[in-house]
Amino acid sequence: MAVKFSGFTNEAVAATTELVGYKSGTTANTRYTMAQVAAGLQEHLPESFIVAASDETTALTVGTGKATFRMPYAFTLTAVRASLTTAGTTSGLTTIDINEDTTAGGVTPVSILSTKITIDLTEKTSVTAAAQPVISDTSLANDAQITIDVDVISGGGTEAGLKVTLIGYQT
């Protein structure tokens, strides 16, 4: 059970391995292990990386490695999303992939998504997409090379200003 850190009151610590307190709106004390406290912090205080994979005005093109960066630490991924400054205006979806490469030379990228990120026609965010992305590799390694690919653009090819967001917590 994850407990929001903000839900704890000012109760004393009951030994070095548990936190004693009660959640807002209750009166009974509960003991929480450090693992429960950590899980609550991870769930309710996530971090995110927002990566620009294009400039703001040039139309996107299909291709690999539109953006490349290295993870500054090991990271557990809980969600991904993408956005555009300019939406597609003709037929089709915009489809984005995220790859991780843990080799020193960065030559073996593997997709971390079993269902890629899509942005529906005329929309600017993947949050409202009919098909939501599915993460197949939630554990990103420290110093892994991450690349962003544009797999598909709409028929009009008007999309621009691609940003990709990785949400999760340090591990």
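This is a predicted model: local features need pLDDT of at least 70, side-chain atom pairs count only at pLDDT 80 or more; totals for chains, interfaces and linings use all residues.

Colleague: What share of the residues is buried?

Modeller: Of the 171 residues in the chain, 37% are buried. The accessible surface comes to about 8800 Å², and carbon and sulfur atoms hold 56% of that surface. As for contacts with a separation of 6 or more, 71% of them link residues 24 or more positions apart.

Colleague: Which residues have the most contacts inside the largest nonpolar core?

Modeller: That core has 26 residues, and those with the most contacts inside it are Met 71, Ile 96, Ile 98, Ile 117, Leu 140, Leu 162 and Val 164. Strands E3, E4, E5, E6, E9, E12 and E13 each give two or more residues to the core. The largest share, 4 residues, is that of E5.

Colleague: Which residues does Ile 117 touch?

Modeller: Leaving aside residues up to four places away in sequence, Ile 117 touches Val 80, Arg 81, Ala 82, Thr 94, Thr 95, Ile 96, Ile 98, Ser 126, Pro 133 and Val 164.

Colleague: How should I read the two faces of a strand, and which residues of E6 lie on each side?

Modeller: In a regular strand the side chains alternate between the two faces of the sheet. In E6, one side carries Thr 94, Ile 96, Ile 98 and Glu 100, while the other carries Thr 95, Asp 97, Asn 99 and Asp 101. Both faces are covered, and 8 of the 8 residues of E6 are buried.

Colleague: Which strands pair with E6?

Modeller: E6 runs antiparallel to E9, with 3 bridges between them, and Thr 94 stands opposite Ile 119 there. E6 and E12 are also antiparallel and are joined by 7 bridges. A further antiparallel pairing, over 2 bridges, links E6 to strand E7, residues 110-111. Asn 99 takes part in two of these pairings: Thr 147 stands opposite it in E12, and Ser 111 is its bridge partner in E7.

Colleague: What should I look for in the backbone angle phi?

Modeller: Most residues other than glycine have a negative phi. Thr 122, however, has a positive phi, near 70°. Thr 122 is placed in the loop between E9 and strand E10. Asp 143, likewise not a glycine, has a positive phi of about 70° and is found in the loop between strand E11 and E12.

Colleague: Why does Thr 122 count as exposed, and why is Asp 143 called partly exposed?

Modeller: The cut-off for exposed is over 50% relative accessible area, and partly exposed begins where buried, under 20%, ends. Thr 122 counts as exposed because its relative accessibility is 57%. Asp 143 has a relative accessible area of 44%, so Asp 143 is partly exposed.

Colleague: How many aromatic pairs are there?

Modeller: The count comes to 4 aromatic pairs. One of them joins Tyr 73 and Phe 75, whose rings are 6.4 Å apart centre to centre, with 45° between the planes, a tilted arrangement. Tyr 73 is partly exposed at 23%, whereas Phe 75 is buried at 0%. Phe 49, Phe 69, Tyr 73 and Phe 75 form one aromatic cluster.

Key: Residues are numbered from 1 along each chain as its sequence is written. Side-chain values use heavy atoms; hydrogens and water are left out. A nonpolar core is a set of buried Ala, Val, Leu, Ile, Met, Phe, Trp, Tyr and Cys residues joined through side-chain atoms within 4.5 Å. Buried means under 20% relative accessible area, exposed over 50%, partly exposed in between (1.4 Å probe, protein chains only). Contact means heavy atoms within 4.5 Å. Accessible areas come from the Shrake-Rupley method with a 1.4 Å probe; for residues, only the protein chains shown count as cover. Rings of Phe, Tyr and Trp (its six-membered ring) pair if their centres lie within 6.5 Å; planes under 30 degrees apart count as stacked, over 60 as edge-to-face and the rest as tilted. Two strands pair if DSSP finds at least two bridges between them.
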